Amino acid sequence: MNTPKRILVPIDFSPFSEQALDYAMTLAHQLEATVHLVNVVGIPATGAPEIGLAFTATVLDKVTVENQAALDRLAAAHRDGGRLDKTLVRIGDPRDAILQAAEEIGADLIVMGTHGRRGLSRALLGSVAEMIVRTSPVPVLTVRGKK
Amino acid sequence: MKRILVAIDGSPRAAGVIAAAAQLAELSGARLVLYRAIGLSPEMPMELLAGTAAEVEERLRGAALAELERLAAGLRAGLVERVVTELATAWDGICTAARTLDADLIAIGSHGYGGIDRVLGTTAAKVANRADRNVLIVRTPL
């Protein structure tokens, strides 16, 4: 592993992803790296007919604009120090979209929060983080969420 | 960051994980604990498994410790705080040791620990899922 220069942080606006962002910012200062944010708007998994798709597209556009604004606000709060770079909003399957964003910006490290679920919910919910861990071509640093 | 637990699986892939952890430790002022869980695997040569259970354990432990000491010797003096080996299921041993030794971060390769891990990377995924601390998963070639 070469010293990471571009760190990607997936953001779902949960406290866990914001803890991961804080960690990534600290790491970026130590590594002299830049931090990039990606938010993924999940496509609802419904086999909708055309009218449903049109409706979904409108909703997705609205959500995308809103999430981009929220992501930019989050980024603005971390701009000091000049480490924070791009903010991306993508639509699609979270795992694919995160890995695509990583490739697009040339990320060499993904820092992401994990929810720290316990018991049954953890067993049932196979997290996005776990899928990223299994398939990412670049190193992944999972940040354990604190409640 | 003070302490990084580096999970080693005794394969040549371990070198990439150690290199990544060492780099991070140098940049953040942390020290390393090299950890290896030992267990029986159907891939082990028969001569390793000869003798009583105690003899087998002693032999595996000795080999694992020698391997960890050798890896530690390849790093800057003082970077490795200690080497630890124990009989354990890899993911469980790693998570427990990280807690007991109060490591800030676990560094682990995406594939390793034999068998099905070469396909699914189950140990790394389990550690990321279950450890109560941060985990760096370094992509290691199959």
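A: **The interface between the chains**

The contact between the chains draws 24 residues from chain B and 24 residues from chain A, contact meaning heavy atoms within 4.5 Å. This is a predicted model, in which local features need pLDDT of at least 70 and side-chain atom pairs count only at pLDDT 80 or more, while totals for chains, interfaces and linings use all residues. Residues are numbered from 1 along each chain as its sequence is written, chains are lettered from A and ligands numbered from 1 in the order in which they are written, and side-chain values use heavy atoms, with hydrogens and water left out.

About 2100 Å² is buried between chain B and chain A, with carbon and sulfur atoms giving 49% of that area; buried area is the accessible area (1.4 Å probe) that two parts lose on being put together, summed over both. Of the area that chain B buries against chain A, 27% is supplied by Asn129(B), Asn134(B) and Arg139(B), more than by any other three residues. The rule finds nine residue pairs in polar contact across this interface, both residues at pLDDT 80 or more, where a polar contact is a pair of N or O atoms within 3.5 Å and, within protein, one must be able to donate a hydrogen and the other to accept it, residues adjacent in sequence counting only if both atoms are side-chain atoms. The count of salt bridges between the two chains is zero, a salt bridge being a side-chain nitrogen of Lys or Arg within 4 Å of a carboxyl oxygen of Asp or Glu.

On the side of chain B that touches chain A, the elements giving two or more residues are α1 (14–28), α5 (122–130) and β5 (134–138) of chain B; helices (H or I, at least four residues) and strands (E, at least two) are DSSP runs, numbered from the N terminus. The largest share of that side, six residues, comes from α5(B).

The strand β5(B) also belongs to an open sheet of ten strands with mixed pairing, in the order β3(A)-β2(A)-β1(A)-β4(A)-β5(A)-β5(B)-β4(B)-β1(B)-β2(B)-β3(B), and two strands pair if DSSP finds at least two bridges between them. At the edges stand β3 (84–91) of chain A and β3 (80–87) of chain B, each with a single partner strand, so one side of each is left without a neighbour in the sheet. From one strand to the next the twist averages 20 degrees.

Notes:
Axes are lines fitted to C-alpha atoms, for helices over the stretch in contact, and angles run from 0 to 180 degrees between N-to-C directions.
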